[in-house]
Structures are given as C-alpha cells and as structure tokens.
Amino acid sequence: MSVRTHVLSAHDDLIEDLKRIETSYAPLLFVVFGPCLTDSWRFSALTTPLLFVLSDDAPKGRPMVVSDDFAGALGVTESLLYAGHQRIALVSDSADGKRVNYEHRIEGFREALRRHGMRFNPSMLSTITVDFGDYLESSQEELKKALRSLLREDGLPTGYEPPTAVFVLSDFLALTLLKVVWNAGVRVPKDISLAGFGGWTMTKYAPVTLRTWTQPLADLVTVAGTAVSCLIRSKPFPKTLELSTQHPDGSYGTAIAVTPTTLMVPGFLRTRESVATIAAPPIE
C-alpha cells in the first residue's frame, strides 16, 4: 500500500480537493487530520471511505480517532481548582463565529465546576473568531478585544475581579494568548495562571512551559494506523488497544472503542510552571 500526503491551506475547499484526488488516484481511504472547516453534509459527495483524526467538526457517525476531551478538560480544570483558583476564564476558538470548537472540552470544564459546587456562567467562556489561514495574527487581535480584563485595560466596572487563571482549549491559542499578555506586561504565572490542551511540541518555545493536557503523538499514530488497517480490511475496531507512551505516574494508556466507529486515545496532565498556587478563599 502506498500513502500520499496532501496538505491543504485553510482557504482551500476540502471537499472539492478530495473529489479531484478521487478522480486522479482512486484511493482506498482518506485520512483527514485536524479541523475540516466545512459543512459535514458535504462529505456525502465523496465515495471513498474516510477516517477523521482529531477532527472536532467531523460528521457524526463516521470512523474517528479522538482524544479524551471531556476527561482531559475535567482534569485540567480540577488542577486549577486544587491550586486555589476560583475565577477561571475559558477560551475557545471558532472559524465562523457561530460554531464553538471543542464542545466536549467545554463540557469537561462545566463538570469540574459542578463537582466542586460551582456554577458555570456563560460569561466565563470567550470564543475567538480566527482566520485559520493566518491563525497567530488573527487570534492575537481577537484576544486583545475579548480579554481586556487580563490586559488591565481602563474602563472596567467598579468592583470587577478579573480571573486568576485562564484555561485555553487549544495549545495553539494558549501560545498566542501567552504572547498577548506578555506584550501587555502581564506575567505568567505571577499575574495570571494559564493552562492549555494538546501538549504540542511548539509550546516548549514559550517563555514559560505550559500546563496542558497532553495528547501523546505516538499513541495517536498507533491508533490511527490500527484504524486504517481495520477499515481497509473491513474489520471492526478493537475494543481496546494497549499503547506505548508512559504517563508521568508510570502507567500506560489504553485506547478504547467508545462507539463501534470511534477510538478514543487517553492523554495525561503535564504540570509545568504556567500555573501558580494561590491561597484559597476562606470558607464561611
């Protein structure tokens, strides 16, 4: 079997591009990695089977490899709560300003609050509309507008207490936010704590290492390869699959078929210096 890699820009039409590949190569399978940035119903125009890997906006019911978004967000949020943070801002992104990405991560955040007797207020969530073809520049400008309280802008309501921590649902966006607050003279974690999601290598270039829920790349590749093999041979996904990445506690993850067409890859919390421990408020 030969494998062809095809890279699209955010402004290319995914479906039209895949149609052209179907005509030219008659592939056995398409593996789509990352956001689709298109309406899910449009995939019905393709005849080639598809596998979606970490595609938050993939069509429901299609074969997928996903991360443990709910459990991961719950774990990150609880780590912030245990560090004493009671005012946590949540930040996600959107390609069109309508559909908010990472819905399962948002649910994990809400569940962590519920378990600690706290309510989710919609004002906690800021959704940044970005141009995925120019992510860093467009997200910087949107973050400056949405998170004025973090930048200590004038004109905030009297008595307003800004968040002490921010949970950003993507490491890409967390890296941008780190740059924005840093340029504004706000230091992480001295002035604000920051956590992300993904565990991507690029975060090592940040001025401070980022606390993040890590999605092990080697495990994702292993599970995606297994899924490809099963789909090409018309075999069902395995119910469980032992993985090779060792977690900080010494354990190893196990991928689980959460539905007959969905394999979930577990991650782990990477605790680093971007989160400070603060004094918890007194209990009345």
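Biologist: Which hand does the crossing have where helix 2 passes helix 3?

Modeller: Please keep in mind that this is a predicted model. In it, helix 2 passes helix 3 in a right-handed crossing.

Biologist: What makes the contact of helix 2 with helix 3, by class of residue?

Modeller: The contact divides into 6 nonpolar, 3 polar and 6 charged residues.

Biologist: How do you know that the side chains of Asp69 and Arg105 meet in a salt bridge?

Modeller: The rule asks for a side-chain nitrogen of Lys or Arg within 4 Å of a carboxyl oxygen of Asp or Glu. For Asp69 and Arg105 the N to O value is 3.2 Å, so the pair meets the rule. Asp69 belongs to helix 2 (residues 69-82) and Arg105 to helix 3 (residues 103-115), so the pair links distant parts of the chain, 36 residues apart. By this rule the count comes to 12 salt bridges.

Biologist: Why are helix 4 and helix 5 called oblique to each other?

Modeller: The axes of helix 4 (residues 135-146) and helix 5 (residues 171-183) cross at roughly 60 degrees and come within 9 Å. Roughly perpendicular begins at 65 degrees and roughly parallel needs an angle under 35, so helix 4 and helix 5 count as oblique. Their crossing is right-handed. Leu136 and Leu143 of helix 4 are among the residues that make the contact, as are Phe172 and Leu177 of helix 5. By class, this contact has 7 nonpolar, 3 polar and 2 charged residues.

Biologist: Now to the sheet. What is the order of its strands?

Modeller: The open sheet of 6 strands has the order 1-2-3-11-10-9, with mixed pairing.

Biologist: What makes strand 1 and strand 9 the edge strands?

Modeller: Strand 1 (30-33) and strand 9 (240-246) each pair on one side only.

Biologist: How do you know that strand 2 and strand 3 pair?

Modeller: Pairing needs at least two bridges. Strand 2 (residues 50-53) and strand 3 (residues 64-67) have 2 bridges, in the parallel sense, so they count as a pair. Phe52 has Met64 in strand 3 as its bridge partner.

Definitions and conventions
Residues are numbered from 1 along each chain as its sequence is written. This is a predicted model: local features need pLDDT of at least 70, side-chain atom pairs count only at pLDDT 80 or more; totals for chains, interfaces and linings use all residues. Side-chain values use heavy atoms; hydrogens and water are left out. Helices (H or I, at least four residues) and strands (E, at least two) are DSSP runs, numbered from the N terminus. Axes are lines fitted to C-alpha atoms, for helices over the stretch in contact, and angles run from 0 to 180 degrees between N-to-C directions. Angles under 35 degrees count as roughly parallel, over 145 as roughly antiparallel, 65 to 115 as roughly perpendicular and the rest as oblique. A crossing is left-handed if the near helix is turned anticlockwise from the far one by less than a right angle, and right-handed if clockwise. Contact means heavy atoms within 4.5 Å. Ala, Val, Leu, Ile, Met, Phe, Trp, Tyr, Cys and Pro count as nonpolar, Asp, Glu, Lys and Arg as charged, and the others, Gly among them, as polar.
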